[in-house]
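Me: I'm new to this structure. Could you show me how to read it?

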Amino acid sequence: MNRSVDGAVAAPADAATEFRAFFERHYAELGRLARLLTGDTEGADDLAADALVALWHRWDRVRAADHPAAYARGVVANLARSHIRSAIRERRRIALFWAQCSEHADAPDVPAVVDVQQALRTLPFRKRACVVLRHAFDLSERETALALGISVGTVKSQTSKGMAQLERLLGARAAGELVGRRM
């Protein structure tokens with residue numbers, strides 16, 4: 001025996017039709033529940049939709065439940081809990097990242113940063129990419145070659161030529177500090 005979306009015993013019905021009726025009847029309610037649980041207006045509809053997709057995959061079990069709407073609310077609550085936990089973990093990772101960055105960073109010398117940015121813009125793209133990846137992102141020659149799809153020898157020559165051009169533009173001392181501080 002199957003139960004209809006209202007909980008009454010019904011003859012076996014077309015599952016898709018029955019699910020569609022359930023969807024139309026409960027989608028707005030599940031969306032409101034998600035909004036209230038997460039506080040995320042924009043993501044609540046997505047969360048409700050995800051819950052309904054999960055319900056569709058288990059529709060035989062849901063339609064056989066004594067209270068299909070309660071089952072659906074439980075799915076939304078579990079998804080909301082996971083959403084909130086993910087958001088908290090993400091905020092913690094971001095806070096940890098910024099805490100680590102701020103420990104190592106001194107106040108930037110804004111005029112020097114502007115000078116370096118202007119000097120980098122004068123370099124042809126490949127030289128600029130090699131210098132930035134090698135010195136700002138601290139990638140190895142091999143990692144830089146993989147990132148740019150070029151040979152290690154090309155990375156070496158382009159980085160060397162790019163640094164020489166920066167030395168001419170910024171002065172040897174400034175370019176040396178640039179490499180020492182890794183931009």
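Reply: Buried means under 20% relative accessible area, exposed over 50%, and partly exposed in between, using a 1.4 Å probe and protein chains only. Here, 28% of the 183 residues in the protein chain are buried. This is a predicted model: local features need pLDDT of at least 70, side-chain atom pairs count only at pLDDT 80 or more, and totals for chains, interfaces and linings use all residues. Residues are numbered from 1 along each chain as its sequence is written, and side-chain values use heavy atoms, leaving out hydrogens and water.

Me: How many helices and strands does the protein chain have?

Reply: Helices (H or I, at least four residues) and strands (E, at least two) are DSSP runs, numbered from the N terminus. The protein chain has nine helices and two strands.

Me: Which residues have the most contacts inside the largest nonpolar core?

Reply: In soluble globular proteins, nonpolar side chains tend to be buried together. A nonpolar core is a set of buried Ala, Val, Leu, Ile, Met, Phe, Trp, Tyr and Cys residues joined through side-chain atoms within 4.5 Å. The largest one has 16 residues, and Phe-22, Leu-30, Leu-52, Leu-55 and Val-76 have the most contacts inside it. Helices H1 (15-38), H2 (41-57), H3 (59-64) and H4 (68-104) each give two or more residues, with H2 giving the most, six.

Me: What does Leu-55 touch?

Reply: Contact means heavy atoms within 4.5 Å. Not counting residues up to four places away in sequence, Leu-55 touches Phe-19, Phe-22, Val-62, Tyr-71, Ala-72 and Val-75. A second, separate core has seven residues, including Val-116 and Met-163.
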